[in-house]
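Good morning, and thank you for making time for this item.

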Amino acid sequence: MDPLDRVVKPKTKRAKRFLEKREPKLNENTKNAMLIRGGNANLTVTEVLKDIYAVKKPFAVLYKRKNITRPFEDQTSLEFFSKKSDCSLFLFGSHNKKRPNNLIIGRMFDYHVLDMIELGVERFVSLKDVKNSKCPEGTKPMLIFAGDMFDVNEEYRRLKSLLIDFFRGPTVPSIRLAGLEYVLHFTAVDGKIYMRSYKVLLKKSGCKIPRIELEEMGPSLDLVMRRTHLASDDLYKLSLKQPKALKPKKKKNISHDVFGTTYGRIHMQKQDLSKLQTRKMKGLKKRPAEKLAEDDGATAKKSKSA
């Protein structure tokens, strides 16, 4: 029997809790990200990883030691770190003469690399360089994507999905107005991706709806797309598959419109509207001639039936 296929039984309560945490769940935990420095990472790449870690906290793990690996050639080390730290997202930073200031963003499926995209940093403004107030740790950002390329090009479409996965944060049941205080804006134009982050300021407007102002907070990145490693369509569909227990059960004769209003259809027997009781008014009373015509018609029907 292969030792990797044997069933591992926990010997302590701590080990049992650890294994239960790793088990598949109907509602998965918030995705964690690992940020890894390559063996030849320079100061710019290191600062980028630190700032992304500050934005992503507490759902991130920063590896401070340098790791000599090339994700596009060998992915075993990334998969090992993913299983060790229970992270399904990663950001790898490196620097060399051929690909300066290099970032590789990607995600895992079943502890194997699903897809990853290589980005080059052409301009970088750190959190420290912008002397403004910052958002508290763990703030869920609002994500805005501008540019037709995110909807037209397949690589940019997959990059958009990857960025949403990376920065979306925890799933929340409700949102309060004061919690909308952080914006991440991505713009794709002329073959470049511009990442900007803003703090939302709610100003007085004289009415219930406040006046919105955006204040640049950092980090700010100008990126260019380089290499890509995209999953096949079949594997990508498999990664998006949801368990049957989470799918909502369809109810007959009930529909919803775009505003969330529920409409129900009721099946009733055919009603005789001639016997419907209406409001008694002088204008609705039958005239003597109408009553006489009805009585004649009724007597004629009776004589025919007889």
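The structure holds 2 cavities of 30 Å³ or more. A cavity here is a set of points, on a 1 Å grid over the protein atoms alone, where a 1.4 Å probe fits but cannot get out, while a pocket is an open set with protein on both sides within 12 Å along at least five of seven lines; lining residues have an atom within 4 Å of a point. Grid points are joined across faces, edges and corners, and a volume is the space filled by probe spheres set on the points.

Before going further, please note that this is a predicted model, in which local features need pLDDT of at least 70 and side-chain atom pairs count only at pLDDT 80 or more, whereas totals for chains, interfaces and linings use all residues. Residues are numbered from 1 along each chain as its sequence is written, and side-chain values use heavy atoms, with hydrogens and water left out.

Of its 13 lining residues, Val55, Lys56, Thr139, Pro141 and Gly169 are the closest to the centre. That lining divides into 6 nonpolar, 3 polar and 4 charged residues.

Turning to the open sites, the second largest pocket has a volume of about 320 Å³. Its lining comprises 19 residues, with Asn40, Thr69, Arg70, Ser94 and Asn96 nearest its centre. By class there are 5 nonpolar, 8 polar and 6 charged residues in this lining. Strand E3 (89-94) and strand E4 (102-109) each supply at least two of the lining residues.

Let me place this in the context of the whole chain. The protein chain has 7 helices and 12 strands. Of its 306 residues, 29% count as buried; buried means under 20% relative accessible area, exposed over 50%, and partly exposed in between, with a 1.4 Å probe and protein chains only. Among contacts with a separation of 6 or more, 66% come from residues 24 or more positions apart, a contact being heavy atoms within 4.5 Å.

Next, the nonpolar cores. In soluble globular proteins, nonpolar side chains tend to be buried together. A nonpolar core is a set of buried Ala, Val, Leu, Ile, Met, Phe, Trp, Tyr and Cys residues joined through side-chain atoms within 4.5 Å. The largest such core has 34 residues, of which Ile52, Leu91, Ile105, Leu119, Phe166 and Phe167 touch the most other members. H5 gives the most to this core, with 6 residues. Leaving aside neighbours within four places in sequence, Ile52 is in contact with Leu35, Leu91, Phe166, Phe167 and Met195. A second, separate core of 12 residues includes Leu78, Ile104, Met108 and Val113.

Finally, the salt bridges. How many are there? The count comes to 14, where a salt bridge is a side-chain nitrogen of Lys or Arg within 4 Å of a carboxyl oxygen of Asp or Glu.

One of them pairs Glu118 with Arg227, the closest N and O atoms being 2.9 Å apart. This pair links distant parts of the chain, with Glu118 in strand E5 (residues 112-125) and Arg227 in strand E10 (residues 220-229), 109 residues apart. Are the two partners buried or partly exposed? Glu118 is buried, with a relative accessible area of 0%, whereas Arg227 is partly exposed at 26%.

Within helix H5 (residues 154-167), Arg157 and Glu154 are 3 residues apart, which means that about one helical turn separates them. Their salt bridge has its closest N and O atoms 2.4 Å apart. Arg157 is partly exposed at 35% relative accessibility, and Glu154 is partly exposed at 38%.

Glu213 and Arg211 also meet in a salt bridge (2.4 Å, N to O). Elsewhere, salt bridges that share partners join Lys31, Arg107, Asp115, Glu154, Arg157, Arg158 and Asp165 into one network.

Note on methods. Helices (H or I, at least four residues) and strands (E, at least two) are DSSP runs, numbered from the N terminus. Ala, Val, Leu, Ile, Met, Phe, Trp, Tyr, Cys and Pro count as nonpolar, Asp, Glu, Lys and Arg as charged, and the others, Gly among them, as polar.
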